Amino acid sequence: MRARPIVGVIALLSVAVVAGVVVLINNLAGTIKLPQLGPECTVRADGQVTLDTAQMANAATIAAVGVRRGMPEQAIVVALATAFQESKLENLDSGDRDSVGLFQQRPSQGWGTVEQISDPRYAAGKFYAALKKVKGWEKMRVTDAAQRVQRSAYPEAYEKWADESKVLAAALNGRATGAVECVVPDIPTVRGAEAAAALLSSLQLDWGKKLAGQARSAEAAGLTVEVADPSVGWRFAHWLVSHASATGLERVRFGDLEWHAPEGKWQPVTGGDGTGQAQVVAEVFH
């Protein structure tokens with residue numbers, strides 16, 4: 001007759017343990033990186049960072065806008081660390097109060113309209129413009145420089161993303177070889193000439209027509225970009241791979257290496273017939 005209360009106590013304890021585990025997991029979710037689902041990108045340059053394809057494309061756009069504006073690599077590091085903290089490199093359509101976009105900029109604070117801030121290129125450009133006005137930002141810690149622009153309630157939060165941002169900036173600025181690898185397993189719906197034209201347009205929007213002036217569409221095949229040196233070549237090659245998931249890219253070649261979408265790896269060009277150091281070649285799915 002005394003067994004029932006004991007069973008009841010055990011049941012209550014079991015519920016409490018399960019509830020405690022759920023609370024613990026929810027709390028940890030904000031402090032650790034949980035396993036990602038779907039296609040991934042890995043960036044290796046004196047460290048390693050793993051992002052999903054949307055995050056990678058946004059990071060590449062932030063870096064491209066920085067280069068286009070003539071900002072040093074440290075500015076790209078600060079911008080990436082800020083976007084990591086504010087949005088996890090996702091182009092959010094809402095946030096605290098009226099904040100939107102990669103940097104959670106607020107229309108009410110003069111950053112622009114919701115539509116403008118929702119454009120990653122515009123948002124990155126506004127961030128760099130504000131950073132450039134901060135006297136001595138180049139010598140500041142990443143978090144201090146970011147805080148002078150963002151004026152966050154958590155001024156130290158940006159520093160925790162400094163290492164990841166340095167890895168991304170080095171790769172996206174072309175200081176590493178074959179450093180950005182993205183797996184794109186699905187054949188896109190947009191292919192051929194349509195994909196090639198859209199890819200060229202996207203490249204010019206990120207880099208500007210001046211920097212991307214040597215890029216040309218190769219009819220339905222894709223596009224080629226004439227480059228002055230290996231670092232510039234890897235800037236464009238890494239940008240192309242970063243945006244491959246949304247642009248219908250199947251293959252990118254530079255030098256004696258090529259990246260192929262389904263495998264997502266840089267490998268020696270088959271037969272050793274590479275492009276040399278003067279041209280990046282991108283091919284779209286047909």
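**Exercise 1. Determine whether Arg216 is buried, partly exposed or exposed in this predicted model, and identify its salt-bridge partner.**

Solution.
Step 1. The relative accessible area of Arg216 is 43%. Buried requires a value under 20% and exposed a value over 50%, so Arg216 is classed as partly exposed.
Step 2. The partner of Arg216 is Glu226, and the closest N and O atoms of the two lie 3.0 Å apart. A salt bridge calls for a separation within 4 Å.
Step 3. Arg216 belongs to strand β4 (residues 215-217) and Glu226 to strand β5 (residues 222-226); the pair therefore ties together parts that are ten residues apart in sequence.
Step 4. Glu226 is likewise assigned to the partly exposed class, at 27% relative accessibility.

**Exercise 2. Identify the parts of the chain that the salt bridge between Glu73 and Arg175 ties together, and classify both residues by accessibility.**

Solution.
Step 1. In the salt bridge of Glu73 with Arg175, the closest N and O atoms are 2.7 Å apart.
Step 2. Glu73 is located in helix α3 (residues 73-87), whereas Arg175 sits in the loop between α7 (162-172) and β3 (180-182); the bridge therefore ties together parts that are 102 residues apart in sequence.
Step 3. Glu73 has a relative accessible area of 19% and is buried, whereas Arg175, at 55%, is exposed.

**Exercise 3. Describe the salt bridge between Arg106 and Asp98 and assign each residue its accessibility class.**

Solution.
Step 1. The side chains of Arg106 and Asp98 meet at an N to O distance of 2.6 Å.
Step 2. Arg106 has 19% relative accessibility and is buried.
Step 3. Asp98 has 26% relative accessibility and is partly exposed.
Step 4. As a general principle, side chains of opposite charge can pair when their charged atoms come close.

**Exercise 4. State how many salt bridges the structure holds, and name the residues linked in a network.**

Solution.
Step 1. The total is twelve salt bridges.
Step 2. A network of salt bridges links Arg251, Arg253, Glu258 and Glu283.

**Exercise 5. Characterise the protein chain by its secondary structure, burial, contacts and surface.**

Solution.
Step 1. Ten helices and nine strands are found in the protein chain.
Step 2. The protein chain has 286 residues, of which 47% count as buried.
Step 3. Of the contacts between residues at least 6 apart in sequence, 60% join residues at least 24 apart.
Step 4. The accessible surface amounts to about 14,600 Å², and carbon and sulfur atoms account for 55% of that area.

Note on methods. Residues numbered from 1 in each chain as written. Predicted model: local features only at pLDDT ≥ 70, side-chain atom pairs only at ≥ 80, totals over all residues. Heavy atoms only, no water. Helix = DSSP H or I, 4+ residues; strand = E, 2+ residues; numbered from the N terminus. Buried < 20%, exposed > 50% of the residue type's maximum accessible area, 1.4 Å probe, protein only. Contact = heavy atoms within 4.5 Å. Areas by Shrake-Rupley, 256 points an atom, 1.4 Å probe, with all protein chains shown as cover.
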